[in-house]
Amino acid sequence: MNLALSKCKSKSLGPDEIPYCFLQNLGSSAKNYLLNLYNTIWRTGRIPDEWKKGIIIPIHKPGKDKHSVEGYRPITLLNTMTKAMEIIINNRLVWYLEKNKIISIEQSGFRRARSTIDNLYIIKSEINKALENNQILGMISLDITKAYDSVWRHRILQILSKILINGNMTANPKHLKMIDVPLNTGIKLAIGAFKSSPIASLRNIANEPPPDIRRTQNNILYASRTLKNVNNPAIKYIDNTIKEPENLQINIKQIVPREPQTIPPWLMQINTNIEITEYKKNNTNPNIYKNLFQGIIQKYPDRKHIYTDASKTTDSVGIAIVAENTITTYKLPPECSIYTAEALAIYNATLHIIQNKDTTPNNYLVISDSLSSITGIQNITHPSDISKLIQEKTYEASGMGMDICYMWAPGHCGIQGNDKADLEASKAASSPDTPLLNIYTYEDKKNKSNKSYTKNGSYNG
């Protein structure tokens, strides 16, 4: 329920005139009472009549007749407690449908890590294939009027009852020239240039790459995002698109994959400790931090400590995992951000725990000086790709009887384990003998791509 309430951002009130912030700031007893109410409604199937009522607000459609009903779009404001319960049910339903691959892989709209561009790419590929084989391709495109209003609800419920029985783009150069005209016009308008000004000079002034370079970038990013999603049906159509980054010696095949969550988010229990953040670094003496750290770890007796850190220079990235008797280091691709590196260090520490479960104790304290990585692990609704992997491995370790707590401790404050991990990560980044962990995220590749335009108008992704 707390997860559902955290997603409630609207300030519009329904008939009950209860704002979401009221529910979000309830005490624990009141929240338990509300949760028991939701569970009773779920078990009995009986919804309060007042919860079924809503306030309909007509929103005028731009360009439509103000004197016609068809010129308005109705928006219904529901009771906040009703919406909160809807979100709870929807979270579980979407998770179940994605985990069991019940939704067709061709469905791209309203799905995480998917886009309707995937469908356009598949259509484009089929058209190209038909042209290459001198074939005729027919396509039917439907735009259903009032689609949501005319849905056969009974059939949807029938299907759901069975499911839940137990409970790039290539184009003709002439066409591309047509697209270039409004782009060039936009640049001239933006910087106040004359119509007769040479466009190449204007692009240089506006720091805008040529359209073909932008298309190359977008193709590479699309291929990267598609490869990231292992269930995307467009994967089998992007062979030619993948050749573009390969010709430019850009590797996009080691991106951290994204699969549907196999573990229900509401069952995810991630143990973290960020108590020290209460003391701001700009006005806290390092010795105070050191004493605070020692005091906090006393709360975790009989736990093995594992320290992680990352180091990034202009052309190298290194990570280190420092346990009591072992030090593990890796070098990462240079495009990896420091956030990716810190998160991968924590992920590999978690792997180390699982792989050594028979020879090590059951309780661990994984300590990092990356606050963003620790808070990222706490995010069970929209975790980053690596945070999601850490969460899944933490859940796996929990099933083996191991408890892992992830703790933030500030760096360069005389905490021995932190300093050791920092030194080893720096050595890993600079040493040519450090083993390479060839993996990065889509965000790393995207950031690298955005920085890869050169002044002469070339692309160096």
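Where is the place of asparagine 207? Asparagine 207 sits in the loop between helix 8 (199–206) and helix 9 (211–228). Helices here are DSSP runs of H or I with at least four residues, strands are runs of E with at least two, and both are numbered from the N terminus.

Before going on, some notes on the model. This is a predicted model, in which local features need pLDDT of at least 70 and side-chain atom pairs count only at pLDDT 80 or more, while totals for chains, interfaces and linings use all residues. Residues are numbered from 1 along each chain as its sequence is written, and side-chain values use heavy atoms, with hydrogens and water left out.

Now the overall picture. The chain has 16 helices and eight strands. Its C-alpha trace spans about 70 × 65 × 45 Å along the principal axes. Of the 461 residues in the chain, 38% are buried. Buried means under 20% relative accessible area, exposed means over 50%, and partly exposed is in between, with a 1.4 Å probe and protein chains only.

Asparagine 207 has a positive phi of about 55 degrees, although it is not a glycine. At 58% relative accessibility, asparagine 207 counts as exposed. Phenylalanine 110 also has a positive phi, of about 60 degrees, and is not a glycine. Phenylalanine 110 is in the loop between helix 4 and helix 5, and is exposed, with a relative accessible area of 81%. Lysine 101 lies in the loop between helix 4 and helix 5 (116–132) too. Its relative accessible area is 59%, so lysine 101 is exposed. The C-alpha atoms of lysine 101 and serine 10 are separated by 31 Å, and the two residues are 91 apart along the chain.

Next, the interior. In soluble globular proteins, nonpolar side chains tend to be buried together. A nonpolar core, as used here, is a set of buried Ala, Val, Leu, Ile, Met, Phe, Trp, Tyr and Cys residues joined through side-chain atoms within 4.5 Å. Which residues touch the most other members of the largest nonpolar core? They are Phe293, Tyr406 and Met407, in a core of 55 residues. Elements giving two or more residues to this core include helix 11 (286–297), helix 12 (338–355), helix 14 (385–399) and strand 8 (403–408). Helix 12 gives the largest share, ten residues. A second, separate core has 13 residues, among them Leu23, Tyr38, Ala84 and Met85.

Two residues can be looked at individually. Contact means heavy atoms within 4.5 Å. Leaving aside neighbours within four places in sequence, methionine 407 is in contact with residues including Asn273, Phe293, Leu365 and Ile374. Alanine 397 lies in helix 14 and is buried, with a relative accessible area of 0%. With the neighbours within four places in sequence again left out, alanine 397 is in contact with Ile354, Met402 and Ile404.

Last, helix packing. Two packed helices are described by the angle between their axes and the distance between the axes. Axes are lines fitted to C-alpha atoms, for helices over the stretch in contact, and angles run from 0 to 180 degrees between N-to-C directions.

The axes of helix 3 (residues 28–44) and helix 4 (residues 80–99) come within 11 Å and cross at roughly 65 degrees. That makes helix 3 roughly perpendicular to helix 4. Angles under 35 degrees count as roughly parallel, over 145 as roughly antiparallel, 65 to 115 as roughly perpendicular and the rest as oblique. From helix 3, Leu34, Tyr38, Ile41 and Trp42 meet Met81, Ala84, Met85, Ile88 and Ile89 of helix 4. The residues of this contact are nine nonpolar, no polar and no charged. Here Ala, Val, Leu, Ile, Met, Phe, Trp, Tyr, Cys and Pro count as nonpolar, Asp, Glu, Lys and Arg as charged, and the others, Gly among them, as polar.

For helix 9 and helix 16 (residues 442–450), the axes come within 10 Å and cross at roughly 175 degrees. Helix 9 is therefore roughly antiparallel to helix 16. Residues of helix 9 including Gln217, Leu221 and Arg225 meet residues of helix 16 including Tyr442, Glu443 and Lys446. This contact divides into two nonpolar, four polar and five charged residues.
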